[in-house]
Amino acid sequence: MTVTTGTESQRGQAEPLFERHFATRFTGDTLTAMQRQFREEHIVPLRGFCPPELLRPLQEEAFGIMDEHGVDRKFSFDITDGTPRQMTTVGQPVIKEHGPLIDATYFSPAVKELLGQVVGEEVFTCPYAGEHYVISRLGKNGDTHGWHWDDYTYGFILVLQAPDYRDGGFVQAVPHTSWDKKNPDVHGALLKSQVRSYAFEAGDAYVVKTDTTMHRVYPIRGETTRTIVNMTWANSADLTKNITHETNDVLFGGVGE
Ligand SMILES: O=C(O)CCC(=O)C(=O)O
Ligand SMILES: [Fe+2]
């Protein structure tokens, strides 16, 4: 099947493609193994997440938005113990306006169902719209999304472009660590727990328990580019908490003006 261009038809075509793809790819022993890995490591790759027919259209949409609207960022955040963020980003309001396929992915019942199965509890779209989805690109030598935690329980990251691991850009995660926003301790977390590394290809995704898993993207080197869409998911406990989102607001612009 080819995916025709045009906002509404693309949006409508995504859901049956997700349903059919997940029904063949993420069932039985594969799903059981993913559930076990998530329980043990608090992060799990969803290899080949993207239905093949949707990969190109999603890449074109995200790269187009990034080329037009991306903002270069370079910070080190005190709230995450001074770790570096050097990347180009696009926030939620721009994607809401220009990214129907990304929006359709976030609001897909099939994706919600799959994520709930993988993590073992129902997941909910984020109550704060600014964290529904953001696009990040590492495109310059040394670009990195340094060690941090996130505000809500789950992150779902769709990888649309990834370097060979030899050029960096792979993900590292340290489970069973916590973020004290008043006294963040990245080195303490590294000493306390175990770092695991995960390399991805375009079309893969991963789920990570972002509130208690410190994670980062290893710096890229040379001429290469890595582009992802990060989508935030809440669990039922998050919905009752008063969660703040300082780093999202600075890195991605929050919900805009
Ligand atoms: O780029 C990635 O794989 C992770 C992104 C991330 O951790 C974030 O945006 O909070
Ligand atoms: Fe994160």
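**Exercise 1. Describe how helix α2 (residues 28-41) packs against helix α6 (residues 109-119).**

Solution. Helices (H or I, at least four residues) and strands (E, at least two) are DSSP runs numbered from the N terminus.

Next, list the partners. From α2 come Leu 31, Met 34, Gln 35 and Phe 38, and they meet Gln 117, Val 118 and Val 119 of α6; contact requires C-beta atoms, placed from the backbone, within 7 Å. Sorted by class, the residues of this contact are five nonpolar, two polar and no charged. Ala, Val, Leu, Ile, Met, Phe, Trp, Tyr, Cys and Pro count as nonpolar, Asp, Glu, Lys and Arg as charged, and the others, Gly among them, as polar.

A word on the model before going on: it is predicted, so local features need pLDDT of at least 70 and side-chain atom pairs count only at pLDDT 80 or more, while totals for chains, interfaces and linings use all residues. Residues are numbered from 1 along each chain as its sequence is written, and chains are lettered from A and ligands numbered from 1 in the order in which they are written.

**Exercise 2. Work out which residues of α6 are buried, and where they sit around the helix.**

Solution. First pick out the buried residues: Val 111, Leu 114, Leu 115, Val 118 and Val 119. Buried means 20 or more other C-beta atoms within 10 Å of a residue's own, exposed means 12 or fewer, and partly exposed is in between, with C-beta atoms placed from the backbone. Now look down the axis of α6: its buried residues fall within an arc of 120 degrees, so they line one face of the helix. The arc is that of the directions from the helix axis to the C-beta atoms. Finally, check what follows α6: Gly 120, with a positive phi near 85 degrees.

**Exercise 3. Find the residues that surround ligand 1 and sort them by class.**

Solution. Begin with the shell: Ser 136, His 145, Asp 150, Gly 155, Ile 157, Val 171, His 215, Val 217, Ile 228 and Asn 230, where a residue is near if its C-beta atom, placed from the backbone, lies within 6 Å. By class, the shell has four nonpolar, five polar and one charged residues.

**Exercise 4. Is His 148 buried or exposed, and which residues does His 148 contact?**

Solution. Locate His 148 in strand β6 (residues 144-148). Its 20 C-beta neighbours inside 10 Å make His 148 buried. Beyond four places in sequence, the contacts of His 148 are Thr 80, Thr 83, Met 214, Arg 216 and Thr 247.

**Exercise 5. Examine the positive phi values of His 42 and Asp 81.**

Solution. His 42, in the loop between α2 and β1 (43-46), has phi near 60 degrees. Asp 81, in the loop between β2 and β3 (83-90), has phi of about 70 degrees. His 42 is buried, with 24 other C-beta atoms within 10 Å, and Asp 81 is buried with 20.

Notes. Axes fitted to C-alpha atoms, helices over the stretch in contact; angles between N-to-C directions. Contact = placed C-beta atoms within 7 Å.
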